[in-house]
Amino acid sequence: YTKKFLLIQWGCDSFCTFCLTVKKRWWHYYRDKDDIVEEILEFEVSWWKEVVLTGINLSAWWLSDTNQVWKSRFAELLEYILEKTTIPRIRISSMWPEFIDDKCLELFKNTRIYPHFHYSVQSGSSEILKSMHRHYDGKYMRDLLIKTKNLKREDGVEVSIWADLIVGFPWESEENFMDTYNLVANWLITKIHAFPFSAHTLWESVPAWMFPNQVNDKVKKERMWELEAIWDKIRDEFIDRNIWKTFEVLIESVKEENWKIKWKGWTQNYIEADEKTFEITTWNIKRNEIVKWILK
C-alpha cells in the first residue's frame with residue numbers, strides 16, 4: 001500500500017430519514033488528536049507519503065454528538081496534524097457539510113491537504129433536505145460549494161469536488177430535483193456518487209419508507225440518467241481544463257509489461273494518472289514516490 005486509511009471517528013447520532021447508520025454503526029465517538037498524530041508519525045517514519053482521514057461523520061470530530069451543528073472543531077484537528085507531522089499528502093474522505101466552517105476552508109488551502117473534497121450533499125433542495133433531517137438547507141450547501149470551488153491555493157491546482165446525491169426521495173418534485181441538478185450543471189461538482197432513494201425493506205427499513213408521496217421507480221431512473229448525463233459533460237470539461245498542467249503524482253503501482261513500464265497514480269486533485277494520460281517529466285518511476293507529470 002502507499003496510503004494509510006486512518007479512522008478518526010465512527011458512528012452517528014443524527015437519524016437522517018434515508019439512513020440506517022445509527023442502527024448499524026452505533027453512536028458517534030472519536031479519537032484523541034494525539035492518538036491520531038502518533039499513528040500518522042508511525043506511518044511517516046517508514047517514508048510513506050499519504051494519509052486518508054476517514055469516519056462515518058468525520059467532520060463532527062471532537063463534538064459530543066453529531067447534532068451539534070456549526071460547532072466544528074475539525075479545523076483544530078487539521079491544524080494540529082499539519083503542525084505535528086510532515087507527511088506530504090493528507091486526504092479527507094467524505095465530510096458532512098454543516099461542520100465545514102471558514103477556518104476549515106482556510107486550512108484547505110494548505111498544499112499538503114488534497115485539493116479534493118467529498119461532501120455528503122444528498123440534495124440541493126431545502127424542502128427535501130428538511131425531510132431528510134439534514135442540518136443545512138439548499139442555500140448553505142450552494143454557498144459552501146462555491147467557497148470550496150473558489151479556494152485559491154499556492155500550488156494553483158484546481159479544486160475537485162465530489163458529492164453524494166440521492167434522487168427520488170419522497171416528495172421530490174421536478175423543481176426539487178432541479179435544485180440538485182443545478183448544483184452539478186452550474187459547475188459546482190466535478191464528480192457525483194448518485195443513488196436512487198431506497199427504502200431498504202428486505203430486513204430493516206429507513207424511516208422515509210413510511211413517508212407518503214413516494215417517487216416511482218421510472219421517475220427515479222429518468223432523474224438518475226439526467227444527472228449522469230450532465231456529470232459526464234462536467235467531468236470531461238474538468239479534465240480538459242487541466243490538460244497540459246503540471247501535477248504532482250503519487251505513484252501507487254509500477255510494473256513491466258511487454259518491455260514497457262506501466263504505472264498508475266493520482267494527482268493532487270484526484271485525477272487518475274498513468275503512462276497513457278501523462279507526459280513524463282522525470283524518469284524516476286518508483287512506487288510510493290511523488291513525481292511531476294503533465295496531463296496530456
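Q: Where is W62 found?
A: In this predicted model, W62 is found in the loop between β4, residues 50-54, and α3, residues 74-84.

Q: And what is the phi of W62?
A: The phi of W62 is positive, at about 75°, although W62 is not a glycine. As background, most residues other than glycine have a negative phi.

Q: What does S59 touch?
A: Not counting residues up to four places away in sequence, S59 touches S72, F74, M95, W96, F99 and I100. With W96 there is also a polar approach, in which the backbone oxygen of W96 lies 3.0 Å from a polar atom of the S59 side chain.

Q: How far apart are S59 and S205?
A: From C-alpha to C-alpha, S59 and S205 are 26 Å apart in space, and in sequence they are separated by 146 residues.

Q: Switching to S14, where is that one, and what does its side chain make a polar contact with?
A: S14 is found in the loop between β2 (9-10) and α1 (21-25), and its side chain makes a polar contact of 2.8 Å with the side chain of T66. S14 counts as buried, because its relative accessibility is 1%.

Q: What order do the strands take in the open sheet of three?
A: The order is β1-β4-β5, and the pairing is parallel. The edge strands are β1 (3-7) and β5 (89-92), each of which pairs on one side only, and from one strand to the next the twist averages 25°.

Q: How many bridges join β4 to β5?
A: Four bridges join β4 to β5, and the two strands run parallel. As one example of a bridge partner, E50 has R89 in β5.

Q: Which helices pack on the sheet?
A: Helix α2, residues 33-44, packs on the sheet and touches β1 and β4, with its direction making about 165° with that of β1. Helix α3 packs on the sheet too, touching β4 and β5, and its direction makes about 165° with that of β5.

Q: Which residues of α3 are buried, and what covers them?
A: The buried residues of α3 are F74, A75, L77, L78, Y80, I81 and L82.

Q: What about T54, where is its place and what is it in contact with?
A: T54 has its place in strand β4, and, leaving aside neighbours within four places in sequence, T54 is in contact with F5, L6, L7, I8, Q9 and S93. T54 counts as buried, because its relative accessibility is 16%.

Q: Zooming out, how many helices and strands does the chain have?
A: The secondary structure of the chain comes to eight helices and 13 strands.

Q: What radius of gyration does the chain have, and what would a compact globule have?
A: The chain has a radius of gyration of 20 Å, which agrees with the value near 19 Å that a compact globule of 296 residues would have. Along its principal axes, the C-alpha trace spans about 60 × 40 × 40 Å.

Q: Of the contacts between residues at least 6 apart in sequence, what share joins residues at least 24 apart?
A: For the chain, that share is 73%.

Technical notes: Residues are numbered from 1 along each chain as its sequence is written. This is a predicted model: local features need pLDDT of at least 70, side-chain atom pairs count only at pLDDT 80 or more; totals for chains, interfaces and linings use all residues. Side-chain values use heavy atoms; hydrogens and water are left out. Contact means heavy atoms within 4.5 Å. A polar contact is a pair of N or O atoms within 3.5 Å; within protein, one must be able to donate a hydrogen and the other to accept it, and residues adjacent in sequence count only if both atoms are side-chain atoms. Two strands pair if DSSP finds at least two bridges between them. Axes are lines fitted to C-alpha atoms, for helices over the stretch in contact, and angles run from 0 to 180 degrees between N-to-C directions. The radius of gyration is taken over C-alpha atoms; the globule rule is 2.2 Å times the number of residues to the power 0.38. Buried means under 20% relative accessible area, exposed over 50%, partly exposed in between (1.4 Å probe, protein chains only).
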